[in-house]
Amino acid sequence: MNAHEVGSSVGDYETRFDFQSGWIDLTLDNGVHAEALGLAGAAMERFNPLERTVSDRDLLNDLVDRALFLNSDQPDLAAAYYTPGGIGLADLRVDSYADEGVPRPSPAEMTPLLLDWSNAKVVGDPEVRYLDLEAGPAVRVQAILKVKRMLGFGSQLTEFIKYAVFPPDVRYVVVVTVTWRSMAESDEVVRLTDDLVSTMRQVPVGAEGNELGSTD
């Protein structure tokens, strides 16, 4: 299978995914420009120059900008999906949430929180599904957002999918958020997102981040 494993640690577990070709891990440790530039330069080696339709400079700048934007408030994991031509189609974030001493919400209680955006408003009726995934029970919401532009000048439409996954035997909720603007590519992004989340799993890890019981 043409996939690579990507994970993010939370406590004694790591949330892992099998990223299919096209997904690029943009998670930063420090969130500074120099780190984003180094990550972007390494990511460019994954593109075939004969297939690319954008210049080296434009692709590098796009990778850097996305990495800095996606890591602005320290997600567990950040990534983006790019076409072979070097066009970025979708952004992905993985975050985990838990309140000390507060019971974990149910999928139904989590649903309105997934539809609440600080800088945007849901347009129309969202699609809501309650699922049983390999990683645990989940609620999946999909909708269109009207997002305010910077400085308040106008707005733009963005589509999103959010999964809130409730892994067993832990206190936190894992939220996977994928956003995109090209409505013409919606079917493809939805398929990619659902396929990716279907590979999500919780792996026990030790202090060094190594999988417990692994012989590697």
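## Close-up legends

**View 1. Trp180 and the residues it touches.** Leaving aside residues up to four places away in sequence, Trp180 touches Leu89, Ala90, Gln142, Thr158, Glu159, Phe160, Ile161, Ser186, Val189 and Val190; a contact here means heavy atoms within 4.5 Å. Keep in mind that this is a predicted model, where local features need pLDDT of at least 70 and side-chain atom pairs count only at pLDDT 80 or more, while totals for chains, interfaces and linings use all residues. Residues are numbered from 1 along each chain as its sequence is written, and side-chain values use heavy atoms, with hydrogens and water left out. Trp180 sits in strand 9 (residues 173-180); helices (H or I, at least four residues) and strands (E, at least two) are DSSP runs, numbered from the N terminus. With a relative accessible area of 2%, Trp180 is buried. That label means under 20% relative accessible area, against over 50% for exposed and in between for partly exposed (1.4 Å probe, protein chains only). Glu159 is 21 residues from Trp180 in sequence, yet their C-alpha atoms are 5.4 Å apart.

View 2. Phe17, Phe19, Trp23 and Tyr81 make up one aromatic cluster. Rings of Phe, Tyr and Trp (its six-membered ring) pair if their centres lie within 6.5 Å; planes under 30 degrees apart are stacked, over 60 edge-to-face, and the rest tilted. Counted this way, there are 5 aromatic pairs. Trp23 and Tyr81 have ring centres 5.4 Å apart and planes at 70°, so this pair is edge-to-face. The two partners come from distant parts of the chain, with Trp23 in strand 3 and Tyr81 in strand 4 (residues 77-82), 58 residues apart. Both ends of the pair are tucked away: Trp23 is buried at 2% relative accessibility, and Tyr81 is buried at 10%.

**View 3. The buried face of helix 1.** Helix 1 (residues 33-43) has Glu35, Ala36, Leu39, Ala40 and Ala43 as its buried residues. Looking down the helix axis, these residues fall within an arc of 130°, so they line one face of helix 1; the arc is that of the directions from the axis to the C-beta atoms. What do the buried residues of helix 1 pack against? They meet strand 3 (23-25) and helix 2 (56-70).

View 4. Asp18 belongs to strand 2 (residues 13-20) and counts as buried at 18% relative accessibility. Its side chain and that of Arg201 are joined by a polar contact of 3.1 Å. Thr199 lies in the loop between helix 4 (186-197) and strand 10 (201-204). Buried or exposed, for Thr199? Buried, with a relative accessible area of 16%. Not counting residues up to four places away in sequence, Thr199 touches Arg16, Phe17 and Asp18.

**View 5. Lys162 over Trp117.** Here the charged end of Lys162 sits over the ring of Trp117, 4.2 Å from the ring centre. To qualify, NZ of Lys or CZ of Arg has to be within 6 Å of the ring centre and within 35 degrees of the ring normal.

View 6. Asp29 is in the loop between strand 3 and helix 1 and is exposed at 71% relative accessibility. Gln74 is 45 residues from Asp29 along the chain, with 8.4 Å between their C-alpha atoms. The loop between helix 2 and strand 4 holds Gln74, which is exposed at 69%. Gln74 has phi near 55°, a positive value in a residue other than glycine. Asp169, in the loop between strand 8 (155-165) and strand 9, has a positive phi too, near 70°. With a relative accessible area of 74%, Asp169 is exposed.

**View 7. The whole chain, for orientation.** The protein chain has 4 helices and 10 strands, running β-β-β-α-α-β-β-α-β-β-β-β-α-β from the N terminus. Of its 216 residues, 44% are buried. Among contacts between residues at least 6 apart in sequence, 56% join residues at least 24 apart.

Note on methods
Polar contact = N/O pair within 3.5 Å; in protein donor to acceptor, adjacent residues only side chain to side chain.
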